[in-house]
Amino acid sequence: MSERLPQILKYYKNSTLAKSVTEKIQELAKKIEENISIMHLCGSHEWTITHYGIRALLPENVQVRAGPGCPVCITPARDIDDTVRLALDGVVVMTYGDMSRSKGTTMSLQDAKALGADIRVVYGVQDAVQMAKKESNKEFLFFAVGMDTTAPATAYEIVSGVPQNLSFLVSYRYTPAIQGSVMESNVLGIDAFISAGHSATITGMKPYYEYFLRTKKPVVFSGFEPLDVLLSVYMLLRQIYENKPKLENEYTRAVTWEGNVKAQMAMEKVFDLEDGYVRGVAVFPKSGFRIKEEFKHVDAREKFGLKKGISTEDEYVAGARCGEVVMGLIDPPECPLYMTVCKPDDPKGAPMVSQEGTCWIWAHHKITNLVPKCKR
């Protein structure tokens, strides 16, 4: 498979095939006539859509909007605040590069580093484990953020056993529950969904089925190349035109119905699901990960006596509309701070911090105009 990968990816960037699929999308859209709003829930999808100008290829009555799929964007301010506080108290904090730049209610981990805190950027939880082993005289914390794509690795390390001087502040979110809540919402007016392929590689398609049964909204699990996205849009339109909604798999080279069962078992052994707050938006049922009682000795909230419960306090600077961007209610240029006081080199809101954030992606592609709105 590894030898074939470059050839496969080249296929999914084939301009002739992309043109052919685009023509089929145009044909189907004319037959449907009504306005169709599609939502994806992944920053990688937004990057592909924006970078390759896919929105410009779509018919006027077909709109693709970005939903809550950027891990940094949805991490609650309280979790950042707690991590910053521990760092300033002398705990060595390890996390991903983008996460270190996202501000809580007052400062980011990078700000704390400027004040003398020991903040280390790592590529994964394995790096954190190794650092803690090498420096047993220091207290370490891994700020575990992301979705179900990265949660299994942390679960595996915890099950395997980690150094006594390492704890975890877990702020993972469960993608099926977040997408399911959006599917069931009557506010956003979304007709169909492109599901994140990397998440579904872990969870499988199965957890989405209960939400589909209740909503009967078309869903396609998609890869991340340009042709993946175009094919996914076509598949969704075909479902709508034929009035045969279903869970459909475009990303067959990675996604299955059952998913990665071993990864799921690791997560289920270490974590329980509880209601989780998506920053600036709302509390989503069964979307948050909590370390089980059996492993509370590695839970930073237990170890350092951090306040528990869900905090939904106002967390953004005045005038910011980050929550609306995260939920696809507005485009980045509709926020008055976009590219004025909020820029990639000086982000005020989380969607401008991460390479998966909609504002960051639009800013780096120098998009200052709005996407035509066929429907909200």
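The second largest cavity of this predicted model has a volume of about 80 Å³. Here a cavity is a set of points on a 1 Å grid over the protein atoms alone where a 1.4 Å probe fits but cannot get out, and lining residues have an atom within 4 Å of a point; a volume is the space filled by probe spheres set on the points, with grid points joined across faces, edges and corners. Of the 15 residues that line the second largest cavity, Gly 67, Gly 69, Cys 70, Glu 356 and Thr 358 are the closest to its centre. Helices α3 (43-51) and α16 (322-326) each contribute at least two residues to this lining, helices being DSSP runs (H or I, at least four residues) numbered from the N terminus. The lining of the second largest cavity comprises seven nonpolar, six polar and two charged residues, where Ala, Val, Leu, Ile, Met, Phe, Trp, Tyr, Cys and Pro count as nonpolar, Asp, Glu, Lys and Arg as charged, and the others, Gly among them, as polar.

The largest cavity has a volume of about 100 Å³, and its lining is made up of 13 residues, with Cys 322, Cys 335, Cys 342, Gly 349 and Cys 359 nearest its centre. By class, the lining of the largest cavity has 10 nonpolar residues, one polar and two charged. In total, the model has five cavities of 30 Å³ or more.

Residues are numbered from 1 along each chain as its sequence is written. Local features need pLDDT of at least 70, side-chain atom pairs count only at pLDDT 80 or more, and totals for chains, interfaces and linings use all residues, while side-chain values use heavy atoms, with hydrogens and water left out.

| Helix pair | Axis separation | Crossing angle |
|---|---|---|
| α2 (residues 15-32) and α13 (residues 226-242) | within 9 Å | roughly 25° |
| α9 (residues 151-160) and α14 (residues 261-270) | 8 Å | about 60° |
| α8 (residues 125-134) and α9 | within 9 Å | roughly 30° |

Helices α2 and α13 are therefore roughly parallel to each other, a term for angles under 35 degrees. The crossing of α2 past α13 is left-handed, meaning that the near helix is turned anticlockwise from the far one by less than a right angle. Among the residues of α2 in this contact (heavy atoms within 4.5 Å) are Leu 17, Val 21, Ile 25 and Leu 28, and those of α13 include Leu 227, Leu 230, Tyr 234 and Leu 237. The contact of α2 with α13 has 14 nonpolar, one polar and three charged residues.

Helix α9 likewise passes α14 in a left-handed crossing. From α9, Ala 151, Pro 152, Ala 155, Tyr 156, Ile 158 and Val 159 meet Ala 263, Ala 266, Met 267, Lys 269 and Val 270 of α14, and by class this contact has 10 nonpolar residues, no polar and one charged.

Methods
On a 1 Å grid over the protein atoms alone, a cavity is a set of points where a 1.4 Å probe fits but cannot get out, and a pocket is an open set with protein on both sides within 12 Å along at least five of seven lines; lining residues have an atom within 4 Å of a point. Axes are lines fitted to C-alpha atoms, for helices over the stretch in contact, and angles run from 0 to 180 degrees between N-to-C directions. Angles under 35 degrees count as roughly parallel, over 145 as roughly antiparallel, 65 to 115 as roughly perpendicular and the rest as oblique.
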